[in-house]
Amino acid sequence: MAAKIKKGDRVVVLTGKDKGRQGAVLKVLPKDGRVVVEGLNMVQRHTRPTQFDPQGGIKNKEASLHLSNVAVVDSKGKSTRVGFRVDGDKKVRFAKTTGEVING
């Protein structure tokens, strides 16, 4: 299936503890059907001291969210579903609410 959400897209969280918050997609995990969003779904990881990080300690990092729990944000700031259409000879993603092409 074609990727409806890609790295760099602006998304809004639909459910969970971060409901309503927006952020940019840092990573897409297509095999797992999950995305990592900048600054959202933060978890704490206890890290052992290493050569690169001699201090170690408790670090905050983003955990992944399921694709069904996020939606792309359109130009008006509202959540939208994503569709595909052919413009000329290229297949492009577009916002279903406004009909505008999503660049990315």
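Figure 1. Among contacts (heavy atoms within 4.5 Å) with a separation of 6 or more, 36% join residues 24 or more positions apart. The model is predicted: local features need pLDDT of at least 70 and side-chain atom pairs pLDDT 80 or more, whereas totals for chains, interfaces and linings use all residues. Residues are numbered from 1 along each chain as its sequence is written, and side-chain values use heavy atoms, without hydrogens and water.

**Figure 2. Strands and overall dimensions.** The chain has 10 strands and zero helices; strands are DSSP runs of E of at least two residues, helices runs of H or I of at least four, numbered from the N terminus. The radius of gyration, taken over C-alpha atoms, is 17 Å, well over the 13 Å given for 104 residues by the globule rule, so the chain is more spread out than a compact globule. That rule is 2.2 Å times the number of residues to the power 0.38. Along its principal axes, the C-alpha trace spans about 55 × 30 × 20 Å.

Figure 3. D9 lies in the segment before β1 (10-13). Its relative accessibility is 5%, so D9 counts as buried, the term for under 20% relative accessible area with a 1.4 Å probe, protein chains only. Buried residues make up 30% of the 104 residues in the chain. A polar atom of the D9 side chain lies 2.9 Å from the backbone nitrogen of K6. Leaving aside residues up to four places away in sequence, D9 touches K4, G23, A24, V25, V72, R93, I102 and N103.

Key: Buried means under 20% relative accessible area, exposed over 50%, partly exposed in between (1.4 Å probe, protein chains only). A polar contact is a pair of N or O atoms within 3.5 Å; within protein, one must be able to donate a hydrogen and the other to accept it, and residues adjacent in sequence count only if both atoms are side-chain atoms.
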